[in-house]
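Hi,

Here is the structure I promised to pass on. My notes on it follow below.

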Amino acid sequence: MVTDFYKKLQQVLQEESRLILMVVVANNGSSPGRKGFKMVVTPQQMYGTIGGGIMEHKMVELAESLLSKPPFTPFVKHQIHDKSAPKDQSGMICSGEQTIAFYDLDTRFFSVTEKILSDEPLTINYSNHGITLEKPERFQWLYTEANCLTQKVYIIGGGHVGLALSEVLSKLDFELHLLDHRENLNTMDANTFVQSKQVIDFETIDQYIPEGKEVYVVIMSFGYRTDDVIIRRLLGKKFKYIGMLGSVAKIKTLFQNLEADGFDKAQIAEVYAPIGLDIKSETTQEIAISIAAQLIQIRNQNR
């Protein structure tokens, strides 16, 4: 998460007073460093990554050398992961390219980190003008990111799979919300990975899940009856993704009944069911990974 990185950056800056921040501001192809990858370098420590390998080693050496020199204005280094490239070779052969911005930060940057770490949603701008919270009018390069999570997953079902899925997704930059209709559910009580959890009446579940292009809905309730209640209240709403856990036979029966009751066939077809990528998963953890992989696939389709 962005805020986790900046908490560490703030800590390092408190300890060392000056650091070099490297940020991948552009990439294409099979580059190991993707937009948003970041790395802090000081004489004593390193944190984060810009892609690894010999390329990262060279960039760290450059950053370390800059720390022995006077402060500098932001600049970028373009790296091509192809040894046949006429210039800007990274030393790697995985193909693709990436552009890394270098920022020289001292304790004056605390005023920015404090705002980034606040509860206020902000956009962080990385450009040749520095790291700012206001978009510059003119720039040579610009990469922007939010300081808070924008991709929201609503997990309907607080059982063992819901717990395992929450743990996996908590490491993948999703904001997680857990809903169930059962009181005193031990797996729900044990779920410390979500941002919120509520016990609700599934008959009113549509009141708890907002529509939106960054909203993902994962249905894995206790059984057929509750799944049927849930899908009838959510079908046709505008989500980035909606999927349902269950066997092929259960899903087929449920969908046939929806069609018989007049629900739109095209809307039914938009439900990912059975949910998850087909990796022949069997255990709870494997099922969670297959679902998480599908959410990542959907999230990254248009990136």
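Contact here means heavy atoms within 4.5 Å, and helices (H or I, at least four residues) and strands (E, at least two) are DSSP runs numbered from the N terminus. This is a predicted model, so to speak of local features a pLDDT of at least 70 is needed, while side-chain atom pairs count only at pLDDT 80 or more and totals for chains, interfaces and linings use all residues. Residues are numbered from 1 along each chain as its sequence is written, and side-chain values use heavy atoms, with hydrogens and water left out.

First, a helix pair. On the α6 side, Y224, D227, D228, I231 and R232 meet K250, T253, L254, N257 and L258 of α7. By class, that contact has 4 nonpolar, 2 polar and 4 charged residues (nonpolar: Ala, Val, Leu, Ile, Met, Phe, Trp, Tyr, Cys and Pro; charged: Asp, Glu, Lys and Arg; polar: the others, Gly among them).

Beyond four places in sequence, L234 is in contact with I156, I205, D206, I209, V217, F239 and I242.

Finally, N28 lies in strand β1 (residues 18-28) and is partly exposed, at 42% relative accessibility.

Best wishes

Notes: Buried < 20%, exposed > 50% of the residue type's maximum accessible area, 1.4 Å probe, protein only.
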